Amino acid sequence: MPASIAHSLILFAHGARDPAWAAPFERLRALTQAALPEASVQLAFLELMQPDLPALAAQEVAKGVNRMTIVPVFLGQGGHVRRDLPQLIEQLRQAHPAVHIDAVAAAGEDDAVLQAIAAYCVKAGSPPA
């Protein structure tokens, strides 16, 4: 990450035991990084995979990041997003008081995301041409 990058966009996913599960999230991270070259786009996991959010945040702060935006890559605002993530963010704010840390709604709460998934489902359910 160049020294001039002060913003980190952290894609926050659940995690799984199977390492292959992370492949689409890695692809999403790469696509997002390509679209936002001025930011450090990273991927963190709630559980079962590394890096976890606290470890990744510490790495980003050590690189000079002073603003973090956390994007929960979840379909809905379930317990992990409503309970676990706010607790993690509060821990991060206490550990890194000079860093502005915020989070957005779960990706699946965004209308454009739902429209894209619906279009995929319609395509899958349409008879072959």
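What percentage of the 129 residues of the protein chain count as buried? The share is 33%, where buried means under 20% relative accessible area, exposed over 50%, and partly exposed in between (1.4 Å probe, protein chains only). The model is predicted, so local features need pLDDT of at least 70 and side-chain atom pairs count only at pLDDT 80 or more, while totals for chains, interfaces and linings use all residues. Residues are numbered from 1 along each chain as its sequence is written, and side-chain values use heavy atoms, with hydrogens and water left out.

The protein chain contains four helices and four strands; these are DSSP runs (helices H or I, at least four residues; strands E, at least two), numbered from the N terminus. Their pattern along the sequence is β-α-β-α-β-α-β-α. The C-alpha trace spans about 55 × 30 × 30 Å along its principal axes. Of the contacts (heavy atoms within 4.5 Å) between residues at least 6 apart in sequence, 72% join residues at least 24 apart.

Strands of a sheet pair through backbone hydrogen bonds, either parallel or antiparallel. Here four strands form an open sheet in the order β2-β1-β3-β4, with parallel pairing; two strands pair if DSSP finds at least two bridges between them. At the edges stand β2 (40–45) and β4 (100–103), each of which pairs on one side only. From one strand to the next, the twist averages 20 degrees. Four bridges link β3 (residues 67–72) and β4 in the parallel sense, and I70 stands opposite A103 in β4.

Two helices that pack on the sheet can be described by their angles to β2. Axes are lines fitted to C-alpha atoms, for helices over the stretch in contact, and angles run from 0 to 180 degrees between N-to-C directions. Helix α1 touches β1 and β2, and its direction makes about 160 degrees with that of β2. Helix α2 (residues 53–62) touches β1, β2 and β3, at about 155 degrees to the direction of β2.

The loop between β2 and α2 holds L48 and P51. Phi of L48 is near 70 degrees, a positive value in a residue other than glycine. L48 counts as partly exposed because its relative accessibility is 48%. A cis peptide bond, with omega about 5 degrees, joins Q50 and P51.

Rolling a probe the size of a water molecule over the atoms shows where empty space is left. A pocket is found on a 1 Å grid over the protein atoms alone, as an open set of points where a 1.4 Å probe fits, with protein on both sides within 12 Å along at least five of seven lines; lining residues have an atom within 4 Å of a point. Grid points are joined across faces, edges and corners, and a volume is the space filled by probe spheres set on the points. The largest pocket holds about 370 Å³ of space. Its lining has 15 residues, and P24, F25, L28, V73 and A107 lie nearest its centre. β1 (7–13), α1 (23–35) and α4 (111–125) each supply at least two lining residues, and α1 gives the most, with six. By class, the lining has 13 nonpolar residues (Ala, Val, Leu, Ile, Met, Phe, Trp, Tyr, Cys and Pro), one charged (Asp, Glu, Lys and Arg) and one polar (the others, Gly among them).

K123 is placed in helix α4. K123 counts as exposed because its relative accessibility is 67%. Between K123 and E60 there are 63 residues of separation in sequence and 40 Å in space, C-alpha to C-alpha.
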